[in-house]
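This report concerns the predicted model shown below. Please view the sequence and the structure together.

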Amino acid sequence: MKFFSLLMLPMFVFGEDVLNTGDTAWMMISTALVLLMTPAGLAMFYGGMTRSKNVLNTYAMVVGAFVVGFLVWIVAGYSIAFGVNENSILQNVFGGFNHLFLDGIKWTDISGSYPTYVFITFQGTFAAIAIAIASGSVIGRMKFSTWITIVALWGVIVYAPIAHMVWGGTGAYLFDAGALDFAGGTVVHMNGGLAGLVLAILVGKRAGYPHIAMKPFSILFTAFGAALLWFGWYGFNGGSAFGANAIAGLAVLTTTIATSAGAITWMLLEWVIYKRPTLLGIASGIIAGLVAITPAAGFVSIGGSFVLGIVGSVVAFYGVVYMKKKLRYDDSLDAFGIHFLAGLWGALATAFLAIDDKELLWDGPLKASGDRLGQFFVQVESVVIVGLWTLVGTVVVYYIASFVTTGARVDDETEDIGLDKAIHAEKVLNQG
Amino acid sequence: MKKIEAIIKPHKLESVKDALIKANIEGMTVSEVKGYGRQQGQSELYRGAEYKVEFVSKIKIEIVVSNNQFAQKAIDAIKTHAKSGKIGDGKIFVYDIAKTIRIRTDEEDEDAL
């Protein structure tokens with residue numbers, strides 16, 4: 001059953017595509033759920049962790065990433081990601097420009113069992129959150145103009161080709177190789193997390209890091225943001241079944257198990273190591289669990305989802321608490337530590353934890369011959385290719401954006417006063 | 001006339017205030033203050049990063065009473081009700097007051113209290 005490519009290539013399928021109202025309803029709800037993750041969930045999650053003088057700037061970076069990222073998706077991203085290039089060599093990485101501004105797609109078009117316009121909107125929310133995730137690495141010192149420029153370029157140069165390689169249908173390189181990425185562990189989380197690290201290194205550390213105390217504005221906002229992200233993730237993972245069906249049901253359950261397991265794991269690690277179970281730790285474990293299950297949500301068993309969440313949380317904890325200190329980069333809100341590392345773990349572990357069930361699996365070595373090692377090598381290939389593309393693409397994007405906006409970093413005075421006041425002329429809390 | 005100044009834990013303020021009212025002490029001034037003593041602050045933990053909080057939030061109470069008897073009552077009330085037995089319960093300072101004037105009526109010293 002080449003169920004997935006059928007959905008991905010709406011242009012070439014006519015006769016058998018019939019609109020199903022249940023699927024359509026679920027995909028529209030899922031779209032709204034994934035939308036909620038960015039301007040509410042991620043924005044609160046990050047905003048709460050930022051110093052009080054930079055909260056509104058952080059929130060604006062996330063919301064700004066969504067609105068710009070989404071429109072870039074409509075202008076060119078969708079065409080590059082899900083278009084079909086007539087040149088079969090280019091089709092490996094690049095869907096072409098046939099659908100710029102959604103040219104050639106009509107409101108009556110059906111993608112599988114629901115309108116193509118719903119598919120486009122749903123996928124647009126993924127494109128937008130991927131770069132919004134990266135903002136967490138560079139808060140408190142990047143110029144807002146540079147950030148917005150980065151978002152616009154990144155959607156076209158980095159995200160769209162990666163989405164094409166993995167999800168772009170027949171002829172797309174990693175799709176043909178048989179990489180398993182159910183809802184975007186590599187495409188969204190590894191990609192966004194690594195982009196964050198690259199930008200953090202290029203723009204430099206915040207003044208005073210790590211010597212002065214940089215306390216979060218309010219852990220309450222962060223915890224609430226994590227809850228909203230979790231809520232929205234039912235659309236992210238459940239919606240990636242592309243229908244109101246049993247696979248969506250599996251994804252919803254595995255997502256909840258892995259997330260709870262991730263949260264408990266982080267809490268216990270802190271309790272043992274620091275003698276304190278912190279709420280920020282529980283919220284961080286929630287995100288690590290969510291990210292780890294994302295590439296595997298519709299493929300794994302109940303036991304597999306426990307393993308994904310627990311180990312995903314351990315890996316992210318290591319990245320945030322130890323690796324960051326050791327390597328001395330200022331990944332301010334740990335976009336890399338959590339999204340890249342837990343996403344990487346999930347992508348690789350999927351090869352071993354996916355159930356050998358032909359009805360669930362996508363085409364690849366595991367489905368073809370039960371070859372888990374072969375599947376693992378495909379997963380490795382996919383994380384290496386996605387990683388390299390992100391790395392090089394993000395460096396290019398950074399330097400173009402930095403050139404266009406005459407320097408990526410705010411001046412010392414702005415950084416000292418705080419970006420809320422200096423850039424936006426707003427304050428997070430006014431008394432009296 | 002004596003002035004009693006006490007630095008206490010913020011959550012002890014309510015019970016200290018109630019005890020002072022019971023002891024017929026009619027007025028007090030309260031301020032939110034920060035500082036440290038032998039405790040040398042506390043620390044906070046965020047994702048494994050431990051930050052030393054140098055100054056801990058405290059409440060400062062100021063009371064002026066007319067004689068030693070009232071001063072002792074106030075000290076007893078504060079001592080009993082601000083005590084948790086743990087580090088950081090605070091301190092009480094007692095001063096002599098040279099003069100008191102009520103601004104509205106020009107009354108002075110004991111009459112002004």
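Residues are numbered from 1 along each chain as its sequence is written, and chains are lettered from A and ligands numbered from 1 in the order in which they are written.

Chain A has 16 helices and two strands, these being DSSP runs numbered from the N terminus (helices: H or I, at least four residues; strands: E, at least two).

| Property of chain A | Value |
|---|---|
| Box of the C-alpha atoms along the principal axes | roughly 65 × 50 × 40 Å |
| Buried residues | 57% of the 432 residues |

Here, buried residues have 20 or more other C-beta atoms within 10 Å of their own, with C-beta atoms placed from the backbone.

The axes of helix H10 (residues 279-293) of chain A and helix H11 (residues 302-327) of chain A come within 8 Å and cross at roughly 125 degrees. Axes are lines fitted to C-alpha atoms over the stretch in contact, and angles run from 0 to 180 degrees between N-to-C directions.

Six residues of chain B and 12 residues of chain A form the contact between the chains, where residues are in contact if their C-beta atoms, placed from the backbone, lie within 7 Å. On the side of chain B, strand S3 (residues 42-46) gives the largest share, three residues.

Note on methods. This is a predicted model: local features need pLDDT of at least 70, side-chain atom pairs count only at pLDDT 80 or more; totals for chains, interfaces and linings use all residues. Two residues are in contact if their C-beta atoms, placed from the backbone, lie within 7 Å. A residue is buried if 20 or more other C-beta atoms lie within 10 Å of its own, exposed if 12 or fewer, and partly exposed in between; C-beta atoms are placed from the backbone.
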